[in-house]
Amino acid sequence: MMAAFLLLLPPGPAWGLLFLLAAGVLGMEAASPPPGKIAVVGAGIGGSSVAHFLQQHFGPQVQIDVYEKDTVGGRLSTITVNKQQYESGGASIHSLNLHMQDFVKLLGLKHRREVAGKSAIFNGEQFVLEETDWYLLNLFRLWWHYGMSFLRLQMWVEEVMEKFMRIYEYQAHGYAFSRLEVLMHSLGGDTFVNMTQRSVAESLLEVGVTQRFIDDVIVAILRASYGQSVLVPAFAGAMSLAGAQGNMWAVEGGNKLVCSGLLKLTKANVIQATVTAISLHNSEGKTFYQVHYEDEEGQGSSFYDIVVIATQLHDSKNNISFQNFDPPIAEFPGIFHTTVTSIIHGYLNSSYFGFPDPKLFPFTSILTTDTPTLFFNSMDNICPVNISGTFRRKQPQEAAVWRVHSQHPLEKSELKILFRSYYSVQVTDWQAYPDYESAKTLPPIILHDNLYYLNSVEWAAGSVEMAAVAAKNVALLAYNFWYHDLEKIDQKDLMHKVKTEL
């Protein structure tokens with residue numbers, strides 16, 4: 001076509017110069033300039049990850065402002081007890097979380113040394129399942145109590161995780177997804193999409209897991225992680241159960257160091273402020289977003305080309321209003337589930353668990369079944385975020401630091417049941433996960449042209465892994481849309497495409 005056009009031009013330097021000028025203008029129009037400013041609302045693992053990925057794709061010349069009303073790290077948080085810090089939020093990371101593994105290497109951080117401990121499941125009267133130091137004995141006990149259910153569970157979880165791992169390959173090739181349903185379908189077809197709508201109990205019964213195993217073991221694991229029942233969606237349940245099978249790790253010094261490290265590496269401008277509104281503006285055919293905020297000095301605002309919301313919009317604590325959008329951005333159905341975390345320094349009352357002599361109490365992690373008389377979901381004897389080579393876990397008769405998850409703040413009478421005595425109690429209310437029974441539809445990722453909702457992914461499954469994956473997806477989505485590379489968005493049959501690219 002271009003060769004034919006050249007043949008029609010009369011000879012002469014003027015025409016050649018004109019053609020070169022025209023080609024230059026066309027080239028300038030074809031290549032969009034990079035965005036000038038990008039805003040990220042929230043500095044948790046999702047916000048800090050997306051800031052890093054956005055700079056990775058758009059380049060260091062783009063200014064990235066990160067708004068955070070509390071502390072960097074969000075739900076990756078620590079609490080100080082006796083001059084040592086302990087994880088009070090997201091405590092562990094799955095080994096298959098490749099983005100987090102990359103962050104730790106990039107930032108020069110280290111994996112925390114693992115301190116061994118045994119777990120047990122308590123039903124309010126006795127332990128229904130106890131872990132021992134012998135792997136074969138543990139397997140025999142599982143088989144004796146529950147038959148082949150534990151093997152069927154393991155096969156089911158491994159199949160889900162194997163398909164989930166495809167996302168890292170897709171993202172390595174620059175592919176992104178504009179809707180959660182499309183992302184889920186690309187990983188596991190209709191089966192994965194349905195896993196966001198049907199319960200984990202239903203899915204496990206279908207593959208031959210017994211009701212008794214679900215009531216004793218699956219319920220206990222989900223109470224410890226999500227604080228909810230086996231009615232949570234199957235995909236969210238699979239992510240939680242994958243963590244319960246082991247292969248977990250944590251960052252030396254605290255998991256929140258990943259967030260602060262990424263923001264420092266990105267040289268993002270962290271603004272300590274509460275975002276109150278986002279308004280839409282158009283000027284000379286271009287779309288801008290005005291972010292309104294409140295800080296210690298009062299009210300302020302700034303304009304941005306791209307905005308990523310990396311905080312909960314379903315939560316009433318984040319009353320961000322959207323102005324001048326036509327059609328208006330709808331409110332999101334659903335609420336978030338409250339989990340109360342109590343960090344308690346004290347002496348465990350082992351008699352409550354059937355061990356009158358505290359020296360004989362062997363467990364460092366206690367999960368619970370869904371029993372009306374139980375007032376806590378789980379409790380763990382936790383280690384500090386900095387573990388030296390000479391560190392040893394406290395003996396059961398010694399005062400130790402315990403992390404207790406419950407549905408409500410523990411009353412003094414309840415604390416006296418769990419502890420013979422205690423020195424301190426520090427309580428944090430987390431709206432850490434969606435109440436999965438409160439909404440059955442997945443929220444959108446794209447709220448407007450260049451306005452993205454990263455935390456929508458929590459309604460498929462809430463975890464550090466999912467937040468990092470969602471951050472990469474949003475960064476790729478923003479980049480591909482900005483430069484009109486639509487072939488990299490919502491492509492079908494990606495496994496085949498990726499293999500042919502290789």
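Me: How many of the 5 residues of strand β6 (residues 118–122) are buried?
Reply: This is a predicted model: local features need pLDDT of at least 70 and side-chain atom pairs count only at pLDDT 80 or more, while totals for chains, interfaces and linings use all residues. Residues are numbered from 1 along each chain as its sequence is written, and side-chain values use heavy atoms, with hydrogens and water left out. Helices (H or I, at least four residues) and strands (E, at least two) are DSSP runs numbered from the N terminus; buried means under 20% relative accessible area, exposed over 50% and partly exposed in between, with a 1.4 Å probe and protein chains only. Strand β6 is largely enclosed by the rest of the structure, because its buried residues number 4 of 5.

Me: Which residue in strand β16 (residues 363–368) stands opposite F122?
Reply: Two strands pair if DSSP finds at least two bridges between them. β6 and β16 pair in the parallel sense over 5 bridges. In β16, the residue opposite F122 is T368.

Me: In the hairpin of β6 and β7, which residue takes a positive phi?
Reply: β6 and strand β7 (residues 127–130) run antiparallel and are joined by 3 bridges. F122 has F127 as its bridge partner in β7. The hairpin has 4 residues between the strands, and the positive phi, near 100 degrees, belongs to G124.

Me: Which residue stands opposite W402 in β18?
Reply: β18 pairs with strand β15 (residues 336–348) in the antiparallel sense over 7 bridges, and there S342 stands opposite V404. Strand β17 (residues 378–381) also runs antiparallel to β18, joined by 4 bridges. The residue opposite W402 is N381.

Me: Why do the buried residues of α6 line one face of the helix?
Reply: Helix α6 (residues 149–164) reaches 22 Å from its first C-alpha to its last, close to the 22 Å expected at 1.5 Å a residue; the expected span is 1.5 Å times one less than the number of residues. Its buried residues are S149, F150, L153, W156, V157, V160, M161 and F164. The face turned away from them carries the exposed M155 and E162. With directions taken from the helix axis to the C-beta atoms, the buried residues line one face because, seen down the axis of α6, they fall within an arc of 130 degrees.

Me: What distance separates the C-alpha atoms of K472 and G46?
Reply: K472 lies in helix α14. At 9% relative accessibility, K472 counts as buried. K472 and G46 are 426 residues apart along the chain, and their C-alpha atoms are separated by 9.1 Å.

Me: Which element gives the most to the lining of the largest cavity?
Reply: A cavity is a set of points on a 1 Å grid over the protein atoms alone where a 1.4 Å probe fits but cannot get out, a pocket is an open set with protein on both sides within 12 Å along at least five of seven lines, and lining residues have an atom within 4 Å of a point. Grid points are joined across faces, edges and corners, and a volume is the space filled by probe spheres set on the points. The largest cavity has a volume of about 110 Å³, and L180, L183, V457, V469 and A470 are the closest to its centre of the 17 lining residues. The element that gives the most, with 5 residues, is α14.

Me: How many charged residues are in the lining of the second largest pocket?
Reply: The second largest pocket holds about 380 Å³ of space. Of its 16 lining residues, K286, T287, D305, N450 and W482 are the closest to its centre. Ala, Val, Leu, Ile, Met, Phe, Trp, Tyr, Cys and Pro count as nonpolar, Asp, Glu, Lys and Arg as charged, and the others, Gly among them, as polar. The lining has 7 nonpolar and 6 polar residues, and the charged residues number 3.
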